[in-house]
Amino acid sequence: MSDGSDSDDTPPTFVRLEDENSDDDPEWEDPSGGALSSLLDACERGGDADALSALLGSLSVSVDTKGADGDTPLHVACLYGQTAVVRALLERDADPRVTDGDGGTPLHDASAGGHEAIVRMLVESVKTKNADAAAEAVASFVNARDGDGETPLHLATRGEHAPVVAFLLSQGACVEIKSDAGLVARDYSAEGGELDRTLRAAEAAAGKPRTP
């Protein structure tokens, strides 16, 4: 990251980040010379909009490039609920459908964290990018399965994020999709609770009510 003293003809100086995740690939090298690592750090911590803009402007690789743990900057920003960062990345054409090292999309991360504003932003981005077939594109997006076969609805339900669950259902999330473990989203809800009732109602509306 720049030390703030760079002149117009001096390229920014980036500091290589220390690996914080034991699962990071020890062989991974930042293809951008440090800019991507600094951007990933900013996506986790948030920060000044001008500094973020400078990082994005200095990036010599795609904004969808994966870091050492397989996450793109958009994945990280969604995981940590950095709404302003997510907006900036989407404005730079970050792909909301890109998958991480575990097969999850940024929507999986935002749904798991219960970040409703970000979930809505991601869905709106998909609608905008697929204006001619928005409904189909969104349905495919919200029902995407990660490496465990789980959809964003599974993750939002497991986290007890009722507003996110309701929004995903309104966008075509399918209550009947089973994970690789054979579980539907409702299997993560407490019986008789708000989410259980919401998902049972969605199952009934789909014409496929499940019995316990």
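1. Start with leucine 89. Beyond its neighbours within four places in sequence, leucine 89 is in contact with Cys43, Leu56, Val63, Pro73, Leu74, Ala77 and Ala94. Bear in mind that this is a predicted model.

2. Leu89 also belongs to the largest nonpolar core, which has 49 residues. Leu89 is among the residues with the most contacts inside that core, along with Leu74, Val86, Leu122, Leu153, Leu168 and Leu169.

3. Next, look at the pairing of two helices. Helix α6 spans residues 116–129 and helix α9 spans residues 162–170. They pack at an angle of about 20 degrees, and their axes are 9 Å apart. Angles under 35 degrees count as roughly parallel, so α6 is roughly parallel to α9. Their crossing is right-handed.

4. Which residues make the contact? From α6 come Glu116, Val119, Arg120 and Val123. From α9 come Pro163, Val164, Phe167 and Leu168. By class, the contact of α6 with α9 has six nonpolar residues, two charged residues and no polar ones.

5. Now take α9 by itself. Its buried residues are Ala162, Val164, Val165, Phe167, Leu168 and Leu169. What do they pack against? The partners of these buried residues are α5 (106–113), α6, α7 (134–142), α8 (152–158) and α10 (194–205). Two of the buried residues, Leu168 and Leu169, are also listed among those with the most contacts in the largest nonpolar core.

6. Last, check what comes after α9. The helix is followed by glycine 172, and the phi of this glycine is positive, near 100 degrees.

Key:
Residues numbered from 1 in each chain as written. Predicted model: local features only at pLDDT ≥ 70, side-chain atom pairs only at ≥ 80, totals over all residues. Heavy atoms only, no water. Core = buried A, V, L, I, M, F, W, Y, C linked by side-chain atoms within 4.5 Å. Buried < 20%, exposed > 50% of the residue type's maximum accessible area, 1.4 Å probe, protein only. Contact = heavy atoms within 4.5 Å. Axes fitted to C-alpha atoms, helices over the stretch in contact; angles between N-to-C directions. Helix = DSSP H or I, 4+ residues; strand = E, 2+ residues; numbered from the N terminus. Parallel < 35°, antiparallel > 145°, perpendicular 65-115°, else oblique. Left-handed = near helix turned anticlockwise from the far one by under 90°. Nonpolar A, V, L, I, M, F, W, Y, C, P; charged D, E, K, R; others polar.
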